[in-house]
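Biologist: Hi! Could you walk me through this one while I have it open?
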Amino acid sequence: MDVVKAVETYITKLVSTPSAMKVLLLDAHTTPIVSLAATQSTLLSHQVYLTDRVDNPQRNRMPHMKCVCFLQPNEDSIEAVSSELREPKYADYYLYFSNILSKSTIERLAEADEFEVVREVQEYFADYAPLLPSLFSLNHIPTEDRPLYGSSPNTWDDAALGRSVQGIIAVLLSLRKKPVIRYEKMSGMAKKLANEVHHRIQSDSTLFDFRPTVVSPLLIILDRRNDPVTPLLTQWTYQAMVHELLGIHNGRVNLTMVPDIRPELSEITLTTPTDPFFQAHHLATFGDLGTSLKNYVQSYQSRSLAQSPSAINSISDMKRFVEEYPEFRKLGGNVSKHVALVGELSRLVDRDRLLDVGEVEQGLATSSGYDFKTVQALVTNNAVPAWNKLRIVILYALRYQKSQTGNIASLINLLLANGVSREEAGLVYVFLNIAGSDQRQDDLFSTESLLAKGKSALKGLKGVENVYTQHNPHLSQTLENLLKGRLKESSYPFLESSGTNLGLQRPQDIIIFIIGGTTYEEARTVTLLNQEVNSVGTQILLGGTCVHNSSSYVEMIRAAAKKFPPSVYEPPPESASNAPSLNLNLGGVNVTLGGPAGTGLYRTSSDNVGMQTEGIKDGVRSLFDKVKQGVDKIGFS
């Protein structure tokens, strides 16, 4: 179940016909999909000499050229291609659509083809962004204009629901899978999506007439609200860290804000198929990355000596130089790119005090918890950016929602006194009302049972060598239970039960879709798990409405809350009784916050654990310093 190969196959097919010079027309949706799945040289090898947007009115007439269109069958694209066919600019048109065409749409295209220039119409189900072999995204980052939620946290926006159904159907058809469906029981959105996908599979049954397997593939639909912690954390692995601190958008990273960046590095491509170093190290922790980058630079330096004029002493040397120089130059550009990227990550880690922030985050995100006084000190530290303070307090509130309501209110007061606006501070209670303990169906922090505490303690001991990567996404526990046949049907029911032991069967193909977006940390979990279970024939694919970093996730919640009832800004019942009067005005809604500092119970660390943590933190700081020094010393002409 490799979505990168699936989309690459579709793109290769559609640009292979006709075998002549051609133009490729795309729309806003298919442009990033093609950019992820095909390089410019690949397109040129299939005689694609011009790529443009179908809605660009400035295109010139080229009657000697053929035209291939790859479009999503939405209203804007259908109208644009219909207008194109009424006044054709090219000799022949080959129309390919990324999803199922309705009969009325086909009739509409036929009516528009007055000059009979259309030679072919086909459906190629590449209606999603293939980010990694085991990760796809629907590229729907919710905003106020393109919302995900309806009028409450448990309802869909109609357009978002339709887009999600289309995307999942395209994934299933491109991989030739007809799955059974499970969903999170407490999520009304998950059940609604499961029903809609099932209905679409039934209504287009001829498209899903695949050869049956012994165990049916499984589509499991999850809700981001059941794990609001993972997208809030600072990340410490290469790909996830770049996305968190700089943002990866359809395989591209904007570095224009980096001090003294060279013009050719102001925007870089960062995808695993086109970058061997990134392919090898995109899952590496930042500490390991420093060593790998050093070796990469040394390899380049040794090759640069071999390419120097003094090393060319014969005709054969000249021939070797001419043959190897393009690859050598490409290597130099790639080394420069990763040195610039790692250098900027190191600068941001130092500037934003992320080592201190990350340590506290990891404690709050795991069963160990964290000392309230340390969190207080972090919030009052002027060197820590306001954004990081807000994330820390949201994590603290999610972790201690039921047990330390007074401390939560006190921390909100501290936020207001330390550079965080009233509207932003109000998001703490928004998160509790949208994704707090009463809205989650699972025990996210392993706090409910002695057995859960024991399991978590053992996991913590195994991973204690790295304070910054203690956290495991809740998805890893869900998948572990699923693979062992222990995922409760009472919590994750089947949409349609086709056998009494269905939940005990180990599916060979598992497709996970997370409503509200997935993360690169979860993608790393799936990739590593695939490496373990592939030997027994199991494959796991992860997807979501988008891939979040903490900024996009908080922005999604902020935008969504504006459409929800005003009560979403108010303290939950357990917090209201402890909150003294502090009036905030959030979008016209008065919210009472506050609390006596220091009340409630909180966990303190033992001296030994504190010493160990400080030792690890000093070691990581030392490593960062070495990476930074190495980066500063490297210069490329």
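Predicted model: local features only at pLDDT ≥ 70, side-chain atom pairs only at ≥ 80, totals over all residues.

Biologist: Which contacts join residues at least 24 apart, as a percentage?
Modeller: Taking contacts between residues at least 6 apart in sequence, 80% join residues at least 24 apart.

Biologist: Switching to helices: at what angle do helix 1 and helix 6 cross?
Modeller: Roughly 80 degrees, and the axes of helix 1 (residues 3-16) and helix 6 (residues 158-175) come within 10 Å. Angles of 65 to 115 degrees count as roughly perpendicular, so that is how these two helices sit relative to each other.

Biologist: Which residues make that contact?
Modeller: Helix 1 brings V3, A6 and Y10, while helix 6 brings L173, S174 and L175. By class, five residues in this contact are nonpolar, one is polar and none is charged.

Biologist: Nice. Now strands: does strand 1 run parallel or antiparallel to strand 3?
Modeller: Parallel, with five bridges joining strand 1 (residues 22-26) to strand 3 (residues 62-71). L25 stands opposite C69 of strand 3.

Biologist: How many bridges link strand 3 and strand 4?
Modeller: Seven, again in the parallel sense, and strand 4 covers residues 90-97. There, F97 in strand 4 is the bridge partner of L71.

How values were computed. Residues numbered from 1 in each chain as written. Heavy atoms only, no water. Axes fitted to C-alpha atoms, helices over the stretch in contact; angles between N-to-C directions. Helix = DSSP H or I, 4+ residues; strand = E, 2+ residues; numbered from the N terminus. Parallel < 35°, antiparallel > 145°, perpendicular 65-115°, else oblique. Contact = heavy atoms within 4.5 Å. Nonpolar A, V, L, I, M, F, W, Y, C, P; charged D, E, K, R; others polar. Pairing = 2+ DSSP bridges.
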